[in-house]
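The entries follow the order in which I looked things up.

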Amino acid sequence: MTYLKKLGKPCLFGLILLTLVLAVSWLFYPKNNTREAGIEDFISNAFLAEPENTLDVLILGDSVPKFGLMPELMWHEQGYTSYVCATAGKAIPKAAELMEQFLERQSPRVILLESNILFRPVDGGYARRLEMERLFPVLRYHNNWKNVSLGQMLRPVEYTCTTPEKGYYLCKLIEPADNPDYMLDTGKRTELPAGVLSYVREIQEVCTRRGIRLILVSLPSAQNMNAACSALLADTAGSLGIPYLDMNDAGAVPIDWQTDTADAGDHLNFWGAKKATRYLGTYLKNLELLPDHREDPSYGQWNTDYEIFMTQAYAAYGNTDYNPIEE
């Protein structure tokens, strides 16, 4: 009995400490998905305010899809509702976390995993930190006390921020690439960093369990892609039974590396993203997996957002007379 009493004290202390950490976590957790509320990467997290179960395509990855795919254009041309949940410079554990958050509110039919994130090294400490931050948000948002009032902290969670870009980052820069023949086979071979494949399998298992079609996609990138990467990704996708769409294949997407890249072939700019998005939209249409929502009045906000987005995009290039309806 004495032993049980001794054991009970640290257990009670641990329970009290856990309760306090959870309470503080709730206090510091952003109560809205706005920048002012302290949300992390509000562009990627704007999906939180989208109506539940209305987004049919989730796009995961790093900055390559963030610069390279425009959900609003796919909406306009195919009627598909998609969102780019991608964070610059992050490895695949972050993509897995965003997928988990996305699936709490949405039921996509297709998940597109852009391949550049597969070549980013996986740090075990970073992956564990993400898991702990999900359990105890105070670890991620402890600095919110500097910018968020106590009144904001005590509010109930209510997400209100949506953006017409749907996770896409508009880039108007133009910097030509100097290696347009980047896909020539040099005989070199490459490998995925350790630990990456386990995350791909984890994402695949979630998709299988929920009846979601997972597709591996490589957007055009003269700096990040080459014949060795393409061959490795094709083999990896084949071994996992995942479809693989490589937009770097000769003639697939008519990218002009003098005008369609923002930074010498690393990322696509607006003009390159238009071409890549149109190619992807046609590919998805041929799969016949997704509904066309353009005639559904409950999706009318997508038409409004498209007009806002395209008008802003062309205005960024100095064309203020652009009429998005004629696009």
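This is a predicted model: local features need pLDDT of at least 70, side-chain atom pairs count only at pLDDT 80 or more; totals for chains, interfaces and linings use all residues.

**Entry 1: H4 and H8**

I began with helix H4, residues 92-103, and helix H8, residues 196-210. At what angle do H4 and H8 pack? I found an angle of about 15°, with the axes 9 Å apart. H4 is therefore roughly parallel to H8, since angles under 35 degrees count as roughly parallel. I noted that the crossing of H4 and H8 is left-handed.

I then listed the residues that meet. H4 brings Ile92, Pro93, Ala96, Met99 and Leu103. From H8 come Val196, Tyr199, Val200, Glu202, Ile203, Val206 and Arg210.

**Entry 2: H3 and H11**

Next I turned to helix H3, residues 71-78, and helix H11, residues 300-316. Their axes come within 9 Å and cross at roughly 125°. H3 and H11 are therefore oblique to each other. The crossing of H3 and H11 is left-handed.

Which residues make the contact? On the H3 side I recorded Pro71, Glu72, Leu73, Trp75 and His76. On the H11 side I recorded Trp302, Asn303, Asp305, Tyr306 and Phe309. By class, the contact of H3 with H11 has six nonpolar, two polar and two charged residues.

**Entry 3: Empty space**

Rolling a probe the size of a water molecule over the atoms shows where empty space is left. How many cavities of 30 Å³ or more are there? I counted one. The largest cavity has a volume of about 50 Å³.

I looked up its lining last. Val64, Glu114, Ser115, Asn116, Phe119, Leu219, Ser221, Asn224 and Met225 line the largest cavity. I divided this lining into four nonpolar, four polar and one charged residue.

Notes. Residues are numbered from 1 along each chain as its sequence is written. Side-chain values use heavy atoms; hydrogens and water are left out. Axes are lines fitted to C-alpha atoms, for helices over the stretch in contact, and angles run from 0 to 180 degrees between N-to-C directions. Helices (H or I, at least four residues) and strands (E, at least two) are DSSP runs, numbered from the N terminus. Angles under 35 degrees count as roughly parallel, over 145 as roughly antiparallel, 65 to 115 as roughly perpendicular and the rest as oblique. A crossing is left-handed if the near helix is turned anticlockwise from the far one by less than a right angle, and right-handed if clockwise. Contact means heavy atoms within 4.5 Å. Ala, Val, Leu, Ile, Met, Phe, Trp, Tyr, Cys and Pro count as nonpolar, Asp, Glu, Lys and Arg as charged, and the others, Gly among them, as polar. On a 1 Å grid over the protein atoms alone, a cavity is a set of points where a 1.4 Å probe fits but cannot get out, and a pocket is an open set with protein on both sides within 12 Å along at least five of seven lines; lining residues have an atom within 4 Å of a point. Grid points are joined across faces, edges and corners, and a volume is the space filled by probe spheres set on the points.
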